[in-house]
Amino acid sequence: MDFSWTELRRRKVVRVAVAYVIGAWLLMQVGDTLLGLLELPGWIGKVLVVALAVGFPVVLVLSWMFDITPRGLEKTASADEAAPGTFRYSNPAPIDAVELDLLRPQATPLIGRTAEMALLNGRLEEAAAGHGGLVLIGGEPGAGKTRLGEEALALGHARGMLPLAGHAYEEHGAPFVTSTEILEQLVRAVPADNLRNVLGPTAGEIALLLPELRRRLPDIPPAQDVPPEQQQRYLFNALLELTERLGSAAPLVVLLDDMQWADESTMLLLEHLAPHLPRLPVLYIVTYRDVAADMGEPFQRALARLSRLDSVSRIALRDLGRDEVASLLANLGRADPPAAIVEVIHRDTEGNPFFVQSVYRHLDEEGLLFDAEGCWRTDLDADSLAVPESVRLVIGQRLKRLGEATQAILGQAAVMGLRFELGLVERACGQNGEAVLTAIEAAETAGLAFPASGPRSDRYEFSHALVRQTLLDALSAPRRQRLHLALADFPANLVAAYAPEMTMNADTVTCLRSVLMKPEHEDWLERITALLEASAAP
């Protein structure tokens, strides 16, 4: 046991001893005066001296063992337990990824994509053997990029690989938002004892991205104090080391979705990690829209550089052919769809998988596809199917069937972003939880929304950006401003959960400013300002 001067001071033994001696001396002076004034027997003074002498070592022992805190009397931790720099870890234990529930179920099987799946299978096999890399999957909106990426996650999971996913957001979310989402999944999936081993010496730096990590592991030390110009490089190296340590516990397959919207810091991090992947059991799968108008400058610059690496493969998703559309309709409804239905849907959707599903559901809800016995109708004239010219019109008509109350709730959710949280929707709408849940369940039943990937059961996302955009287009400018203002009334929740996903356009900023200038929200104004400045920083 350490009885050094430093330890005695840390446990406040020295302070207690000094205070006891001073208190005892004062008590003896008062006692001597009272004995003379009250003419008390002399033995009382002797008893007082003995009591003070015996109490001295007792008080010292108690001060060594316990400490008085705002929470009450607590046992004093040893120096090893209390020191902030003694975050203890060892080599990560193996992680059995198959036992972890990290995948969301898919409503329909993957149709076609034979060549693409062959490439992905080969890259997964190489990664599981310790030779990772990166696969870029590009395609137009609705082409099935995310679905293909999720299929790769499922195949990797079946091979014993740990599946993780992060998303970028059109609204230019906070820096490293994809990494933060991946870390959230990791923290919830890995037991605390092994989590500290996975984090290892990088724990302090990783906690900068995910402060809630300190609630799980309170002894995480502070991050290293480095010059500002070196902070990003130091963080990148910490994330690389974390990837290496996690890869030693289980091979990884990581989906980075909608990366055409990724911020500069996220793309720089990916460029930093990519050259190291061939020596690691890690496969990154990046999905993006290959439409130039949708690509942010950070992604365009990084795409050109990443494409030159030997460990990077590219997949350009094409639309589904007529036979593949027939297979998709058979999976959505019944086997052997009539040729007339297949032809008109394929013609009007050009084989875009999302559009095919939207048109199918629209026609099904109109009662045009099946007879009273649930079989495909054979008496249909292709021209009578009246498929809308715009798929967005299909989505609008399907939303209309949900009713005005449900559309209003979904409109509030659309203002929050492609992904939204039930609790925030409930508070912003002023509706009770049952009404919000009923609306979201109706949207889920209609295939317009579904639970977001990961373990957070109260978070949902729209099935496609066009669903959200259709809802936003239906809102007048004053109505949208009111909905943004309703969000701004909850600054704490907004910063904590939706800064990465809020639509930071002019009316949003105006509403936020008007609310956060209130004295009671002054601290949140500073936090949001810092967050926006960090997002805009190069």
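Keep in mind as you click around that the model is predicted.

**Stop 1: H2 and H3**

Start by selecting residues 13–38, which form helix H2, and residues 42–65, which form helix H3. Their axes come within 10 Å and cross at roughly 165°. Angles over 145 degrees count as roughly antiparallel, so H2 is roughly antiparallel to H3. The crossing itself is right-handed.

Now show side chains. On the H2 side, pick out Val13, Val16, Ala17, Tyr20, Val21, Ala24, Leu27, Met28 and Leu35. They meet a set of H3 residues that includes Ile44, Leu48, Leu52, Phe56, Val59 and Trp64. What classes of residue make up this contact? Colour by class and you'll find 18 nonpolar, three polar and no charged residues.

**Stop 2: H11 and H12**

Next, select residues 228–249 for helix H11 and residues 264–273 for helix H12. These axes also come within 10 Å, with a crossing angle of roughly 55°. That angle makes H11 and H12 oblique to each other, and their crossing is right-handed.

To see who touches whom, show Gln232, Arg233, Phe236, Asn237, Leu239, Leu240 and Thr243 in H11. Across from them, in H12, are Ser265, Leu268, Leu269, His272 and Leu273. This contact has six nonpolar, five polar and one charged residues. Keep Thr243 and Leu273 displayed, as both come up again at the next stop.

**Stop 3: the largest cavity**

A search of the whole structure turns up three cavities of 30 Å³ or more, and the largest has a volume of about 280 Å³.

Then colour the elements around it. Helix H7 (177–189), H11, strand S5 (252–257) and H12 each supply at least two lining residues. Which of them gives the largest share? That's H7, with five residues. By class, the lining has 15 nonpolar and four polar residues, and no charged ones.

**Stop 4: H19 and H20**

Finish at residues 422–429, helix H19, and residues 433–445, helix H20. The two axes come within 9 Å and cross at roughly 120°, and that makes H19 oblique to H20. Here too the crossing is right-handed.

Show Leu422, Val425 and Glu426 in H19, and you'll see them meet Gly433, Val436, Leu437 and Ile440 in H20. The residues of this contact divide into five nonpolar, one polar and one charged.

Conventions. Residues are numbered from 1 along each chain as its sequence is written. This is a predicted model: local features need pLDDT of at least 70, side-chain atom pairs count only at pLDDT 80 or more; totals for chains, interfaces and linings use all residues. Side-chain values use heavy atoms; hydrogens and water are left out. Axes are lines fitted to C-alpha atoms, for helices over the stretch in contact, and angles run from 0 to 180 degrees between N-to-C directions. Helices (H or I, at least four residues) and strands (E, at least two) are DSSP runs, numbered from the N terminus. Angles under 35 degrees count as roughly parallel, over 145 as roughly antiparallel, 65 to 115 as roughly perpendicular and the rest as oblique. A crossing is left-handed if the near helix is turned anticlockwise from the far one by less than a right angle, and right-handed if clockwise. Contact means heavy atoms within 4.5 Å. Ala, Val, Leu, Ile, Met, Phe, Trp, Tyr, Cys and Pro count as nonpolar, Asp, Glu, Lys and Arg as charged, and the others, Gly among them, as polar. On a 1 Å grid over the protein atoms alone, a cavity is a set of points where a 1.4 Å probe fits but cannot get out, and a pocket is an open set with protein on both sides within 12 Å along at least five of seven lines; lining residues have an atom within 4 Å of a point. Grid points are joined across faces, edges and corners, and a volume is the space filled by probe spheres set on the points.
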